[in-house]
Amino acid sequence: MEALGRRALGAMPPVRRDPQLPADTRGLVHQPRWLSPADRAELMAWLDTLAPLWEQRFSTVRPLPKGEAQRSLLRPVYWLGNWQFACLGYYEPPRRTKDCAVTAEPFPPVMARLVAQMEARARKQLPAAHFVPGWSLNTCLINFYGSRLTASGEDDAARVGDHRDFEPGPVASLSLGERAIFQYVRRQRGGGEPVRTIPLEDSSLILFSGPLWKDTLYHRVQRVEDKARGALGPAVEGFRTRRINLTFRFVPPADVVPYGKLATQAREDVAEYVARLAETSAFWARTKATAPGR
Ligand SMILES: O=C(O)CCC(=O)C(=O)O
């Protein structure tokens with residue numbers, strides 16, 4: 001177990017003292033090789049059953065916001081607990097809490113077990129002040145990183161730009177596959193300067209929380225290595241996945257809305273995604289069948 005910012009780590013690049021960082025740098029924990037080979041195998045077998053969704057950034061059934069062009073996300077995703085569709089806007093309290101976190105499938109048994117361990121570790125190793133009442137890791141975003149297959153070869157899309165996660169309380173992030181270069185950066189238009197770089201290897205876990213790592217700094221995936229030149233996880237048409245990352249977060253249950261109870265406009269915005277999910281998921285098939293106006 002390694003608590004970053006408190007001591008230098010053998011396997012990590014040297015930690016540079018940053019005079020601009022506050023004295024209290026608690027709230028970041030990195031554990032390489034956290035996932036056991038048996039749990040990894042079970043998790044990978046379950047991931048293989050998914051049909052990840054490739055979402056468009058904006059609604060496809062109404063005019064685009066002024067000045068915006070439609071685009072697909074850089075990678076396919078899958079959400080559990082609740083699904084935050086890009087076209088509804090991601091959960092961002094207090095600005096956006098309604099009609100954006102849609103009830104989704106529960107965690108499969110292997111994940112529920114791992115989440116219980118992550119929560120216990122977070123409670124033990126992160127400051128109590130970084131938690132919010134009722135916190136649990138009830139939401140999971142699964143990102144599939146890789147390359148688009150094009151007529152002329154491959155187009156590497158394995159990255160995420162500078163951003164922060166708005167869900168309250170600690171976040172846990174579990175990595176599978178090729179090593180990602182994950183960075184905490186200062187907030188800056190066009191990309192911030194890195195404050196901390198963490199190579200995230202297969203089976204590693206990070207937990208992060210609090211005013212510095214979660215609220216002040218942004219984070220990004222700068223790139224993902226492609227050493228094995230292999231493919232990972234479920235087949236996605238036109239794409240070769242080489243890394244899968246699962247981030248676990250907390251959305252207060254009062255802000256999670258069943259698909260059938262979404263405002264009509266929001267329900268129309270995501271109807272095509274729900275229909276696609278319903279083709280392979282019993283949960284989404286039930287959701288679709290019981291929603292009004294189907
Ligand atoms: O893939 C990762 O390691 C980070 C993912 C991430 O930043 C996010 O899901 O918000």
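The following exercises, each with a worked solution, concern the predicted model shown above.

Residues are numbered from 1 along each chain as its sequence is written. Because the model is predicted, local features need pLDDT of at least 70, side-chain atom pairs count only at pLDDT 80 or more, and totals for chains, interfaces and linings use all residues.

**Exercise 1. Strand S14 and its partners**

State how many residues of S14 are buried, and describe how S6 and S9 pair with S14.

Solution. Nine of the 11 residues of S14 are buried. A residue is buried if 20 or more other C-beta atoms lie within 10 Å of its own, exposed if 12 or fewer, and partly exposed in between, with C-beta atoms placed from the backbone. Two strands pair if DSSP finds at least two bridges between them. S6 and S14 pair in the antiparallel sense over 10 bridges, and Tyr 145 stands opposite Arg 243 in S14. S9 and S14 are also antiparallel, over six bridges, with Leu 174 opposite Leu 246 in S14.

**Exercise 2. An open sheet**

Give the order of the four strands in the open sheet and explain why one side of S8 and of S11 is left without a neighbour.

Solution. The order is S8-S13-S10-S11, with antiparallel pairing. Strands S8 (160-163) and S11 (194-200) stand at the edges, each with a single partner strand, so one side of each has no neighbour in the sheet. Within this arrangement, six bridges join S10 to S11, and Ile 181 stands opposite Pro 199 in S11.

**Exercise 3. The setting of Glu 167**

Locate Glu 167, decide whether Glu 167 is buried or exposed, and list the residues that Glu 167 touches.

Solution. Glu 167 lies in the loop between S8 and S9. Glu 167 is buried, because 27 other C-beta atoms lie within 10 Å. Not counting residues up to four places away in sequence, Glu 167 touches Tyr 91, Thr 139, Arg 249, Phe 250 and Val 251; two residues are in contact if their C-beta atoms, placed from the backbone, lie within 7 Å. The C-alpha atoms of Glu 167 and Phe 250 are separated by 5.8 Å, although these residues are 83 apart along the chain.

**Exercise 4. Backbone details**

Identify where Arg 33 lies and which residues the cis peptide bond joins.

Solution. Arg 33 lies in the loop between strand S2 (28-31) and helix H1 (37-47). Phi of Arg 33 is near 55 degrees, a positive value in a residue other than glycine. Arg 33 counts as exposed, with 11 C-beta neighbours inside 10 Å. The cis peptide bond joins Pro 93 and Pro 94, with omega about 0 degrees.

Note on methods
Helices (H or I, at least four residues) and strands (E, at least two) are DSSP runs, numbered from the N terminus.
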